[in-house]
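Q: I would like to learn how to read a protein model, one feature at a time. Could you show me the model and guide me through it?

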Amino acid sequence: MRKLIYLFIFALVIAMFHHNGYAESVVTEGLVSYWTFDRQDIADNTVKDVWGKNDGTIFGDPKVVAGPVKDALAFDGFDDYVNLTNLGDLGNQMGSATFEAWIKPSFKEGDVTLFKVVDVDCMGWGLEFNLNIEPITILNNVVIEDLIFSYVQHEIAKGCRSSTSVKSVRILDGKWHHIVYAHEPYVDAAGRERSRKMIHIDGKRYPFGGPIVSEAVFLPFLEPVYLGAENNRGSAENFFHGIIDEVRIYNRPLTHDEVLQNFEIGLAVEPTQKLPMVWGALKTR
């Protein structure tokens, strides 16, 4: 009888790990917050942070729709956004960070914000997109496509300074894309503390602007981070039009292999299926 029980348990475990042919968990080292946007993790206007303690608050009326990993949130580009809080003074904790999400933009022109926070004294942390121009070719056959603007604030002798970088990548095409924005400190050959930005789109790594020299490479932000809008000192502006899913924030830069691991999860799961991962480790925290 005991052998039968063991065989049953073994068969059950094997079946779980082969459900849909894929059983990979998201990277959790350094994970600060994780919002799945699954229907089961949304109650009224609260979006549960299934890993940390930063439950989000919904404003407007974003709709729950199918995403690359079960459910997602559709933003109307008019007044929908999610207040993700200030993430427990994220910038003051570590000096680097990673923002990750699946996005499916549906706006046709103009500027929109994926996430952004602007403090009283300085530009904060965020990503914006611009679709004002058609792809054009300039010198040396460089093609200018959709523009992605990144922001981060860092310390200088007399206060803070905002760093803005621009990258041209085709991403605003109405299709699902996995986007990872990492801000990481490092020390150059001369021993100077520097900071650099990296962006990964659908598993491909792109350098994002030149290095930043500063004593502190990443300042804490006091205002809440808005997802789907710019938080301009408490005022929601520049709303995102499209669908957002699987938002995660880390207190460190992800490696390229880790980015690929999270990216491949979204590729392997049909929109109507449940991700076969170890949810108990997330849900019980």
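This is a predicted model: local features need pLDDT of at least 70, side-chain atom pairs count only at pLDDT 80 or more; totals for chains, interfaces and linings use all residues.

Q: How many helices and strands are in the chain?
A: Helices (H or I, at least four residues) and strands (E, at least two) are DSSP runs, numbered from the N terminus. In this chain there are four helices and 21 strands.

Q: What percentage of the residues of the chain count as buried?
A: Buried means under 20% relative accessible area, exposed over 50%, and partly exposed in between, with a 1.4 Å probe and protein chains only. Of the 285 residues of the chain, 48% count as buried.

Q: Which residues have the most contacts inside the largest nonpolar core?
A: In soluble globular proteins, nonpolar side chains tend to be buried together. A nonpolar core is a set of buried Ala, Val, Leu, Ile, Met, Phe, Trp, Tyr and Cys residues joined through side-chain atoms within 4.5 Å. Here the largest one has 38 residues, and Leu114, Trp125, Leu227 and Ile244 have the most contacts inside it. Among the strands that each supply at least two residues of this core are β6 (71-76), β8 (97-105), β9 (111-118) and β21 (241-250). Another core, of 12 residues, lies apart from it, and Val26, Val27, Val50 and Val180 are among its members.

Q: Which strands pair with β6?
A: Two strands pair if DSSP finds at least two bridges between them. Strand β5 (residues 63-66) runs antiparallel to β6 and is joined to it by four bridges, with Ala66 opposite Asp71. On β21, β6 has an antiparallel partner over four bridges, and there Phe75 stands opposite Gly242. Five of the six residues of β6 are buried, so this strand is largely enclosed by the rest of the structure.

Q: How do I read the turn between β5 and β6?
A: Most residues other than glycine have a negative phi, and most peptide bonds are trans. The hairpin of β5 and β6 has four residues between its strands, and Lys70 in the turn has a positive phi of about 60°, although Lys70 is not a glycine. Lys70 is partly exposed, with a relative accessible area of 21%. Asn238, in the loop between β20 (235-237) and β21, also has a positive phi, near 55°, and is partly exposed at 25% relative accessible area.

Q: Is Glu100 buried or exposed?
A: Glu100, found in strand β8, counts as buried because its relative accessibility is 0%. A polar contact is a pair of N or O atoms within 3.5 Å; within protein, one must be able to donate a hydrogen and the other to accept it, and residues adjacent in sequence count only if both atoms are side-chain atoms. The side chain of Glu100 makes such a contact with the side chain of His178 (2.7 Å).

Q: Is Glu109 buried or exposed?
A: Glu109 lies in the loop between β8 and β9 and counts as exposed, at 64% relative accessibility. Its C-alpha atom is separated by 9.6 Å from that of Leu172, although Glu109 and Leu172 are 63 residues apart along the chain.

Technical notes
Residues are numbered from 1 along each chain as its sequence is written. Side-chain values use heavy atoms; hydrogens and water are left out.
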